[in-house]
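Please read the following points with the model open beside them. They are meant for someone seeing it for the first time.

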Amino acid sequence: MYKEGAKSNPASLAAAAAALFLLPLSGGASDLLRRSLLSVLQVFLSIFFLLLSLLPSPVQLHPIPIPTAKHKHSSVDSTCASRALSHVLSVVSLVPVSSRKYDIVRSLADRLLDENLRFNAELNQRVLADAFSQTICRLESTLSSGELGFIGGAVKKGIKRWWPTVLVGAEVSSEEAFDASKAEKLAAELLWIGEKLVVSGAVEEAVVGWGAATGLSHRAVLADARLQVALVRVTVFFLRHANLTQSEEAKGAVEEQERSISTIHMSFLKSWLPLLCRATNGAETPTLNSREKVETVRILVEMIAKLSWEQQEEVLALWLHHFAASPDSDWPNLESYYAQWYSDSHKLFIN
């Protein structure tokens with residue numbers, strides 16, 4: 001009975017081995033038996049993990065939600081047109097860019113959005129704002145899974161160091177656990193949706209949404225260099241339109257509206273200025289060209305100058321911290337404006 005149970009159940013083998021390990025044997029026979037049992041267990045576990053590593057990975061299917069009349073997770077209204085457009089944008093987000101169907105679905109989305117510009121731009125604004133928020137959540141979730149993969153890789157390295165035979169053939173690097181191509185695709189789609197929001201007259205919604213994405217901005221600082229490039233481009237795009245929006249609305253804005261605009265842009269700068277300072281400027285894929293860098297610094301200075309004195313102090317302190325801590329980038333350099341701000345604040349204090 002013992003032999004039959006040990007063959008049919010690996011857990012029984014381990015239990016039996018533990019029982020034999022505790023037998024009250026004496027002398028060299030006890031030591032020899034314990035060493036033999038440890039060797040058997042080590043071989044068994046090595047074979048077990050090896051077989052696991054050889055099993056095919058399960059195919060991860062991402063079900064595409066079918067729109068219904070009542071979608072409790074969406075802020076978009078329940079009209080047929082809005083549900084259909086939301087569904088198309090959801091498919092665009094979930095279909096891999098390597099699929100030959102991706103271009104077809106993306107072209108369909110462009111066609112529907114362009115048609116709405118002629119008849120119902122407000123529908124575009126509502127649906128695109130919802131898609132923009134969902135895409136940010138998907139990208140943040142993708143980056144979060146990459147962080148978990150990195151932790152898992154560190155654990156495996158520790159096990160391999162102390163018991164190398166256990167992980168023979170079962171190594172999985174953190175890079176394999178993180179789908180970089182999916183993250184880059186989502187970042188590119190954020191820029192695409194942002195452009196559609198601007199064309200549809202929803203600039204402020206896009207800027208507010210990007211400024212409020214604090215979880216994504218924090219993870220972006222430590223993200224892959226290629227993904228940082230994509231996210232910097234998205235940030236610069238919204239930065240330009242944020243400054244334009246502030247300039248246009250400030251002409252006839254009352255004091256309360258001006259405070260609201262300052263709050264929006266403070267949130268934007270606090271979220272994404274660290275990434276601008278710390279993003280790696282790759283040789284193969286430059287973040288921005290020289291003209292774009294100069295233009296972005298000019299926009300930053302203009303936006304900061306329109307903030308209150310205390311807000312300027314907070315933003316400049318944030319810039320100095322991340323700029324000084326980044327060994328790979330000398331941009332954006334706000335040294336001249338920092339010195340000017342300090343001189344002006346000193347004069348105000350004296351007066």
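1. Cys137 is partly exposed, with a relative accessible area of 48%, whereas Cys80, at 58%, counts as exposed; buried means under 20% relative accessible area, exposed over 50% and partly exposed in between, with a 1.4 Å probe and protein chains only. The structure holds zero disulfides, a disulfide being a pair of cysteine sulfur atoms within 2.5 Å.

2. This is a predicted model, in which local features need pLDDT of at least 70 and side-chain atom pairs count only at pLDDT 80 or more, while totals for chains, interfaces and linings use all residues. Residues are numbered from 1 along each chain as its sequence is written, and side-chain values use heavy atoms, with hydrogens and water left out.

3. Ser93 lies in helix H4 (residues 80-94), helices being DSSP runs of H or I with at least four residues, numbered from the N terminus. Ser93 is buried at 9% relative accessible area, and, residues up to four places away in sequence aside, touches Thr135, Arg138, Lys185, Leu186 and Glu189, where contact means heavy atoms within 4.5 Å.

4. The largest nonpolar core has 70 residues, and Leu89, Trp210 and Leu216 are among those with the most contacts inside it; such a core is a set of buried Ala, Val, Leu, Ile, Met, Phe, Trp, Tyr and Cys residues joined through side-chain atoms within 4.5 Å. Helix H11 (residues 225-250) gives the most to this core, with 10 residues.

5. In helix H14, the buried residues are Gln311, Gln312, Val315, Leu316, Trp319, His322 and Phe323. On the other side of H14, Glu310 and Ala324 are exposed.

Terms used. Helix = DSSP H or I, 4+ residues; strand = E, 2+ residues; numbered from the N terminus.
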